[in-house]
Amino acid sequence: MLGSLFDKFKQGLRRTQDLVLAPLGRILGLRRLDEAQLEELEDLLLQADLGVHGVDRLMARLRTELKASAEVDPRAVLKDELLKILRQRPAKPFQAGGTQVVLLVGVNGVGKTTTLGKLAAHLKARGEGVLVVAGDTFRAAAIDQLERWGERAGVPVLRNQMGGDPAAIAFDGATSAQAKGTPWVLIDTAGRLHTKDHLMKELDKIRRSLQKVIPDAPHRVLLVLDATTGQNGLQQAEAFTQAAGVTDLVLTKLDGSAKGGVVVPILERLRLPIAFVGVGEGVDDLIPFDPEAFVDGLLDA
Ligand code: GDP
């Protein structure tokens, strides 16, 4: 299992490695670095989207180590410092207990529906019951897509008519799951609301109607982010975290991105744990974020 997790991260980070970090192998193999090599290293890390702040921190540590000893292993130093950053906010495991309600939020196209489908399949494969709620009642395509994921995973999907009230269907989902003792309710939400205000109101309404059934729901709010947009998506993500009471992040399409390093500025700016990363479109391509596997995938050319 652990071996395959490392392989998945490696495979997920291949584009970042190929396009940006391949030249890094040469520099990381050196034991003394001159100023030009340090600058080249800094540029490569910035290109992989590790962010100015994170890169400054890594370079400062490396410079300190170079001053202190005649020879250093830059790869080991970078790994150590990166791990310190990435281990700051570990995600809580997804553990059943009563009926747990999980909301998925994020703008359209980031991979929200796909993530929900993969998560449903993952929980079902663990032997835990799941109810999927099609809470984005405006997109017929999203509802159909959820139903296909539901069929694949063997879990029921609750939907109402197009344009119906998302808070009402969330309420029905929570009521039904609680009555049947279903451990997981996964709720898709709309991603296309025009204003932050509108978004906040709709999510508040869903939250209040869930709490009429289960007072401490939702237990997790996952913000889904697309790795291919790199740091450009961060501002939008900040608006969501404020509006939606986000508890965890999911970073999708790591496999299609050359900006895998964006994990670092995401963690630093949003100050939330990354629960999962998406490394493909298949049902097994959602994996728990693992700092060690990530760092090895990034820096072991
Ligand atoms: P939504 O609008 O946020 O619900 O996005 P979808 O779930 O419909 O996903 C948009 C597209 O991204 C689809 O073509 C998905 O197959 C694709 N996608 C989602 N997650 C991943 C991932 O981790 N890797 C890759 N390569 N594609 C993904």
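Predicted model: local features only at pLDDT ≥ 70, side-chain atom pairs only at ≥ 80, totals over all residues.
The model has an open sheet of 8 strands, arranged in the order 3-2-4-1-5-6-7-8 with mixed pairing. Its edge strands are strand 3 and strand 8 (286–288), each of which pairs on one side only. Strands of a sheet pair through backbone hydrogen bonds, either parallel or antiparallel.

Strand 2 (residues 130–133) has partners on two sides. Strand 2 and strand 4 run parallel and are joined by 4 bridges. With strand 3 (residues 157–158), strand 2 pairs over 2 bridges, again in the parallel sense. Val-132 has a bridge partner in each neighbour: Leu-186 in strand 4 and Val-157 in strand 3.

Leu-131 stands opposite Val-185, a residue of strand 4.

Val-185 has 0% relative accessibility and therefore counts as buried. The C-alpha atom of Val-185 is separated by 7.2 Å from that of Thr-99, although the two residues are 86 apart along the chain.

## Aromatic pairs

A pair of aromatic rings is described by the distance of the centres and the angle of the planes. The count for this model comes to 5 aromatic pairs. In one of them, Phe-9 and Phe-294, the ring centres are 6.5 Å apart and the planes stand at 85 degrees, so the pair is edge-to-face. Phe-9 belongs to helix 1 (residues 2–12) and Phe-294 to helix 13 (residues 291–299), so this contact ties together parts that are 285 residues apart in sequence. Both Phe-9 and Phe-294 are buried. Together with Phe-289, these two residues form one aromatic cluster.

Phe-94 and Trp-184 make a stacked pair, with 5.8 Å from centre to centre and 25 degrees between the planes. Phe-94 lies in the loop between helix 6 (74–86) and strand 1 (100–105), and Trp-184 lies in strand 4 (residues 184–188), so the pair ties together parts that are 90 residues apart in sequence. Phe-94 and Trp-184 are both buried.

## Charges over rings

The ring of Phe-94 also takes part in a contact with a charged side chain: the charged end of Arg-220 sits over this ring, 4.2 Å from its centre. Phe-94 is thus described by a stacked pair with Trp-184 and by the contact with Arg-220.

A further contact of this kind involves Arg-152 and Trp-149. The charged end of Arg-152 sits over the ring of Trp-149, at 4.3 Å from the ring centre.

## Largest pocket

Rolling a probe the size of a water molecule over the atoms shows where empty space is left. The largest pocket holds about 300 Å³ of space. Its lining consists of 16 residues, and those that lie nearest the centre are Ala-91, Lys-92, Pro-93, Ala-275 and Pro-288.

Strand 7 (residues 274–278) gives the largest share of the lining, 3 residues. By residue class, the lining divides into 11 nonpolar, 1 polar and 4 charged residues.

## Backbone details

A cis peptide bond joins Ala-217 and Pro-218, with omega about -5 degrees. Pro-218 is in the loop between helix 10 (196–213) and strand 5 (220–226).

Two residues other than glycine are noted here for a positive phi. Asp-49 has phi near 70 degrees and is found in the loop between helix 4 (35–47) and helix 5 (52–68). Asp-49 counts as buried because its relative accessibility is 11%, below the 20% cut-off. Arg-271 has a positive phi of about 55 degrees and is found in the loop between helix 12 (263–270) and strand 7. Arg-271 has a relative accessible area of 55% and is therefore exposed.

Key:
Residues numbered from 1 in each chain as written. Heavy atoms only, no water. Phe/Tyr/Trp six-rings, centres within 6.5 Å; stacked < 30°, edge-to-face > 60°. Buried < 20%, exposed > 50% of the residue type's maximum accessible area, 1.4 Å probe, protein only. Lys NZ or Arg CZ within 6 Å of the ring centre and 35° of its normal. 1 Å grid on protein atoms, 1.4 Å probe; cavity = no way out; pocket = protein on both sides within 12 Å on 5 of 7 lines; lining within 4 Å. Points joined across faces, edges and corners; volume = space filled by probe spheres on them. Nonpolar A, V, L, I, M, F, W, Y, C, P; charged D, E, K, R; others polar. Pairing = 2+ DSSP bridges.
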